[in-house]
Amino acid sequence: MDRSAAVARVEEIVETVESETMPVPVREVWVYGDVALGLDPIERLDVYVTKDILFKDAPDRSEEFRASHGVDGVGKTVRAEWADEYPDYLRANASGHAAPEKCLAAHLLPDDADEPIHLEVCNASFDDNVTQRLKGAMARGDYEQILDPRGACLWVDGTRSEDAFQKLHDGEFVLPTLSGALEMLGMDADEADEAADAVRAYRERQEGATVRGDVV
């Protein structure tokens with residue numbers, strides 16, 4: 001993906017979050033990896049969305065949507081108001097329950113565009129999730145799911161960072177190599193090199209638009 005197209009795509013995502021009803025409350029939008037590094041072109045556009053868990057919405061409407069759409073949990077895990085407005089974006093997990101990360105991906109990433117975009121969705125902030133995922137990866141010795149810590153926050157709690165967007169446009173973020181960033185977070189040099197190679201190999205196997213949901 002050309003860098004200009006990637007940045008424009010991120011702007012569209014932020015504008016959608018700002019102006020349209022989302023299936024769950026969205027608190028932050030970040031980019032990380034290639035686009036934050038200023039690369040051109042980029043192999044994949046990595047976007048991170050911090051969402052709030054929906055605790056109280058319209059649980060009394062859950063049965064209504066189960067009967068009409070075959071999806072459980074509307075009004076409990078995703079907003080009923082959103083499902084009324086955007087029924088075509090309603091997505092379920094393998095057990096038939098509304099999946100917030102899949103609903104967000106359906107809304108933010110067009111079905112007809114086979115773009116190299118990855119959407120990471122979590123209830124925790126980007127920095128907290130980077131730390132938690134790294135601790136888990138180091139404990140297991142399995143590095144593929146490490147979250148690249150080289151990120152930039154573009155939007156938080158309804159406010160867009162014009163400065164961050166300008167730096168993104170101009171490729172002005174100064175960030176270390178992936179292995180260097182992992183060393184800064186506590187890995188020794190050899191383990192950081194191994195982890196960086198595993199993350200790159202995993203990313204190279206991904207095609208088109210992908211989404212991952214996480215709860216910390």
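By about how many helical turns are Glu12 and Arg9 separated in helix H1? The two residues are 3 positions apart in helix H1, so the separation amounts to about one helical turn. The structure is a predicted model, in which local features need pLDDT of at least 70 and side-chain atom pairs count only at pLDDT 80 or more, while totals for chains, interfaces and linings use all residues. Residues are numbered from 1 along each chain as its sequence is written, and side-chain values use heavy atoms, with hydrogens and water left out. Helices (H or I, at least four residues) and strands (E, at least two) are DSSP runs numbered from the N terminus.

The side chains of Glu12 and Arg9 form a salt bridge with an N to O distance of 3.2 Å. A salt bridge is defined here as a side-chain nitrogen of Lys or Arg within 4 Å of a carboxyl oxygen of Asp or Glu. By this rule, 17 salt bridges are counted. Arg9 is buried at 7% relative accessibility, whereas Glu12 is partly exposed, with a relative accessible area of 43%.

Arg27 pairs with Asp52, their closest N and O atoms being 2.1 Å apart. Because Arg27 belongs to strand E1 and Asp52 to the loop between E2 and H3, this pair ties together parts that are 25 residues apart in sequence. Both partners are partly exposed, Arg27 at 21% relative accessibility and Asp52 with a relative accessible area of 30%. A further salt bridge joins Arg205 and Glu144, with 2.7 Å between the closest N and O atoms. Arg205 is in the loop between H9 and strand E6 (210-214) and Glu144 is in the loop between helix H6 (126-140) and E4, so the contact ties together parts that are 61 residues apart in sequence. Arg205 has a relative accessible area of 48% and is partly exposed; Glu144, at 29% relative accessibility, also counts as partly exposed.

The interior was examined in terms of nonpolar cores, each a set of buried Ala, Val, Leu, Ile, Met, Phe, Trp, Tyr and Cys residues joined through side-chain atoms within 4.5 Å. The largest such core comprises 43 residues, of which Val74, Leu104 and Leu119 touch the most other members. Two or more residues are given to this core by each of H1, strands E1 (26-32), E2 (45-51), E3 (117-122) and E4 (151-156), and helices H4 (80-85), H5 (100-108) and H7 (162-170). Helix H1 gives the most, with 6 residues.

Surface patches were assembled from residues with over 30% relative accessible area and no salt bridge, like charges being joined within 9 Å and nonpolar side chains (Val, Leu, Ile, Met, Phe, Trp, Tyr) within 5 Å. A patch of negative charge on the surface consists of Glu183, Asp188, Asp190, Asp193 and Glu194. Helix H9 (residues 189-204) gives the most to this patch, with 3 residues. Glu194 lies in H9 and is partly exposed, with a relative accessible area of 48%. A nonpolar patch on the surface is formed by Ile53, Phe55 and Val215, which together have about 360 Å² of accessible area. Ile53 is placed in the loop between E2 and helix H3 (62-69) and is partly exposed, with a relative accessible area of 38%.

Distances between C-alpha atoms were also computed for selected pairs. Ala5, in helix H1 (residues 3-19), is partly exposed, with a relative accessible area of 38%. Ala5 and Leu45 are 40 residues apart in sequence, and their C-alpha atoms are 10.0 Å apart in space. Ser4, likewise found in helix H1, is exposed, with a relative accessible area of 57%. The C-alpha atoms of Ser4 and Lys56, 52 residues apart along the chain, are separated by 40 Å. Val174 occupies the loop between H7 and helix H8 (178-184) and is exposed at 79% relative accessibility. Val174 and Leu37 are 137 residues apart along the chain, with 7.3 Å between their C-alpha atoms.

Methods
Areas by Shrake-Rupley, 256 points an atom, 1.4 Å probe, with all protein chains shown as cover. Lys, Arg positive; Asp, Glu negative; His and termini not counted. Charge placed at Lys NZ, Arg CZ, Asp CG, Glu CD. Buried < 20%, exposed > 50% of the residue type's maximum accessible area, 1.4 Å probe, protein only.
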